[in-house]
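Let's get to know this fold together. Have a look at the sequence and the model, then follow the questions below.

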Amino acid sequence: MELSKDVRPAGVMIFTLYMGKFLLILRDDKPEISFPNSWSPVTGGIEAEEDVFMAAKRELIEEIGVIPENLKILGISAKGNGFFFATLSEKEKNSIKLGEGQKYDFFTFKELSKIDIKGAFHIYLGRYNDIFKKMSKNNYEPKGKDFELAVWNGNGVH
């Protein structure tokens, strides 16, 4: 995928797994937030002074209080959002302290179809169903190309 070199990511989404289960947060039930009362991975906007990595780390701290040691960027979407992947260690899982949302939980791939998921995660789950299944069942570490993402080189995309 080709993106302009001056694309600045607008937001981040972090696919986080523990023992083959996806970490999701039940968003607050407030009308002023996007997709209230639905399940989502750690997500958020990028503030003016941040790069995509800083935003991902800030959102992780704000939402779950933990930055996984193996956090990796997958790439940047056509809409300019940064996507990341991480697996939690036992210690990291046990250190989670919810900072946003109503609660968090871990879901198998099969369970994802039984909960209320909206927004970008819903779209990606539908479009790349086989990749999410592979991540859950085979501990597959996805690559940006699996999601048709452009590569982030630290100064832009290529």
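Q: How much of the protein chain is made up of buried residues?
A: This is a predicted model, where local features need pLDDT of at least 70, side-chain atom pairs count only at pLDDT 80 or more, and totals for chains, interfaces and linings use all residues. Residues are numbered from 1 along each chain as its sequence is written, and side-chain values use heavy atoms, with hydrogens and water left out. Buried means under 20% relative accessible area, exposed over 50%, and partly exposed in between (1.4 Å probe, protein chains only). Of the 158 residues in the protein chain, the buried share is 46%.

Q: How many helices and strands does the protein chain have?
A: Helices (H or I, at least four residues) and strands (E, at least two) are DSSP runs, numbered from the N terminus. Along the sequence they go β-β-β-β-α-β-β-α-β-α-α-α. That comes to five helices and seven strands.

Q: Is K133 buried, partly exposed or exposed?
A: You'll find K133 in helix α5, residues 129-138. Its relative accessibility is 38%, so K133 counts as partly exposed.

Q: Which exposed residues sit on the face of α5 turned away from its buried side?
A: Start with the buried residues of α5: I131, F132, M135 and S136. They're on the same side of α5 because they cover an arc of only 130 degrees around the axis (the arc of the directions from the helix axis to the C-beta atoms). The face turned away from that buried side carries D130, K137 and N138.

Q: How far apart in space are N37 and I25, C-alpha to C-alpha?
A: N37 lies in the loop between β2 (21-26) and β3 (39-40). In sequence, N37 and I25 are 12 residues apart. In space, the C-alpha to C-alpha distance between N37 and I25 is 9.5 Å.
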